[in-house]
Amino acid sequence: IFCLVPTLIALAGVMSLSTISERLHIYRRWIAATALFACVLAAAEYRSQYSPTLSGVALSQEGYKAVQEDALAAGEDPRVVILPLWPGDSHYGSVYMHYCSLYRIRMINGYTPFPSADYVDNVVKPLSSMNQGWVTDEQLDQLVNRHKIRYIILHEDLFPEQVSPFPVTFTLERLRSHPRLELLKQSERIWTFKILDAPSATTAATPDWTLLMAARNWQAEHAHRTNVTHVSQSSETATGGDGYIRLTPESFVETRATQISPTPGLRYMVRLRGKGTIAATLIHPRGSVDLPSISVDTTEWIWAPVPIASITNYTRMHLRLAPTEGQVDIDQLLLHGGTWSPPALGETLTLDAPLFFHGGYTDPEQNAIQLLPEQDADSIIIYGPKLPLDPGTYELEVLYDVPEGTPADAVIAFYDVRWVDHILNNPVDITASNTPVYTFTQSNNLPITICFVYTRQAAMTVKGFALKRTK
């Protein structure tokens, strides 16, 4: 269409102009002037267009090849389910389709602009919990017996936040430790697992991580609410968005619904102040659960935890907060898992790089993230934790390695710390010869985000971030 239509339009334009000039007796010089003016406009418009980005397409992929070789050796057709699992109309499916076409592999989740109801009901809904690494025996039996699928492939670097409330590492480590999944091959950012008929006596050793960073954060003034007062942001009130809401016993606020699986240390965190008691209710498709109430009596913004211990299976849930007495201000809410312990004065907290939301791929042997200039984007490629940090002054240092021979003065990355889009201090550059320390002051307890930007000037191994509180 894009090749033919411009040519046909040009031909039609010339014929139309010729016909008009004959009928209206327009002089030739006016025709020439009109044509010249049109050419000038076309040239100006052409120069304003964006230059297309060219992307190299890999002609081989060892993770997919391992599926083909293992299946053919067993006398079976190679069939896979690929994670993240999308409803069917995501452009990420084109990557899956390309690799499957190289090795003649059949996949249950591909791409179509109009997914059928049968696909959504019989594939997406029954298997969507796999995006969080929650894989049941019933799901594996369905894949093997009904769909003749023996393999699961995870694309570590194609895992945006809408896929899961937590980073891809959470999903990856669940798959690696599953007793009925055997790691067949890791080919950089592609992880291939084989489904076993019975649980294995041994499972892969995985890091003992106790923190799940937050991908779900709701500004209270933009959440579903009733009978609340919206107080706009002011210079003397540090809030996370456009202000906060004030609740009384006649009002409530709710988070958006989130798909969730049983998660260690699962909890909501609520930033609030005031004096009163709040009833907390967890709402899911099978009903609702009353959670312990929250009592607050402070003029300062604090974070109140709301532990969630009632989730026993993959489900959809949201939280409702409604004061039973008093008046309470609520700024924002977030959902995370595990344990978050900000460093005390004089302490240093080291966060392993795989814990963060990230591109690149995990290197289990070094417990690090590998970044390659040929494959990774020059953008924010590692970020987190998106969790509250106590007021104080902090020093942040990146722990990393670069290959020998990297130019000493080449800027291979830079990083900063933010509240949403507000950068707390100027970014600092990282070079092969310089490990800078980023200093910033946290004037309140808003969630912080460490943003690590890769420049693709050299390969890089990012091991983690050391956060020290100095004041």
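Helix α3 (residues 62–73) packs against helix α4 (residues 93–103) at an angle of about 45°, and their axes are 9 Å apart. The coordinates come from a predicted model. Because angles under 35 degrees count as roughly parallel and those from 65 to 115 as roughly perpendicular, α3 and α4 are oblique to each other. Their crossing is right-handed. On the α3 side the contact is made by Tyr64, Lys65 and Gln68, and on the α4 side by Tyr96, Tyr99, Cys100 and Tyr103. By class, the residues of this contact comprise five nonpolar, one polar and one charged.

The crossing of α5 and α6 is left-handed. Asn122, Pro126 and Leu127 of α5 meet Gln139, Gln142, Leu143 and Arg146 of α6. This contact has three nonpolar, three polar and one charged residues.

The two pairs are set out below.

| Helix pair | Angle | Axis separation |
|---|---|---|
| α3 (62–73) and α4 (93–103) | about 45° | 9 Å |

Which residues of α6 are buried? They are Gln139, Leu140, Gln142, Leu143 and Val144. The elements that cover them include β1 (79–83), α5, β3 (151–155), β4 and β5. Of the buried residues, Gln139, Gln142 and Leu143 also belong to the contact with α5. After α6 comes Lys148, which has a positive phi near 60°.

**Ile195**

Strand β5 (residues 190–195) contains Ile195. Is Ile195 buried or exposed? Its relative accessible area is 1%, and buried means under 20%, so Ile195 is buried. Leaving aside residues up to four places away in sequence, Ile195 touches Leu140, Leu143, Val144, Ile149, Arg150, Tyr151, Ile152, Arg180 and Leu181. Among these, Leu140, Leu143 and Val144 are buried residues of α6. Ile195 and Met269 are 74 residues apart along the chain, and their C-alpha atoms are separated by 37 Å.

**Arg180**

Arg180, one of the residues that Ile195 touches, sits in the loop between α7 (168–176) and β4 (181–187). With a relative accessibility of 5%, Arg180 is therefore counted as buried. What does the side chain of Arg180 join through a polar contact? The partner is the side chain of Asp137, at 3.5 Å. Apart from residues up to four places away in sequence, Arg180 touches Asp137, Leu140, Asp141, Lys194, Ile195, Leu196, Asp197, Ala198 and Pro199.

**The chain as a whole**

The chain has 471 residues, of which 47% count as buried. Its secondary structure comes to seven helices and 26 strands. The C-alpha trace spans about 85 × 65 × 55 Å along its principal axes. Taking contacts between residues at least 6 apart in sequence, 75% join residues at least 24 apart.

Notes
Residues numbered from 1 in each chain as written. Predicted model: local features only at pLDDT ≥ 70, side-chain atom pairs only at ≥ 80, totals over all residues. Heavy atoms only, no water. Helix = DSSP H or I, 4+ residues; strand = E, 2+ residues; numbered from the N terminus. Buried < 20%, exposed > 50% of the residue type's maximum accessible area, 1.4 Å probe, protein only. Polar contact = N/O pair within 3.5 Å; in protein donor to acceptor, adjacent residues only side chain to side chain. Contact = heavy atoms within 4.5 Å. Axes fitted to C-alpha atoms, helices over the stretch in contact; angles between N-to-C directions. Parallel < 35°, antiparallel > 145°, perpendicular 65-115°, else oblique. Left-handed = near helix turned anticlockwise from the far one by under 90°. Nonpolar A, V, L, I, M, F, W, Y, C, P; charged D, E, K, R; others polar.
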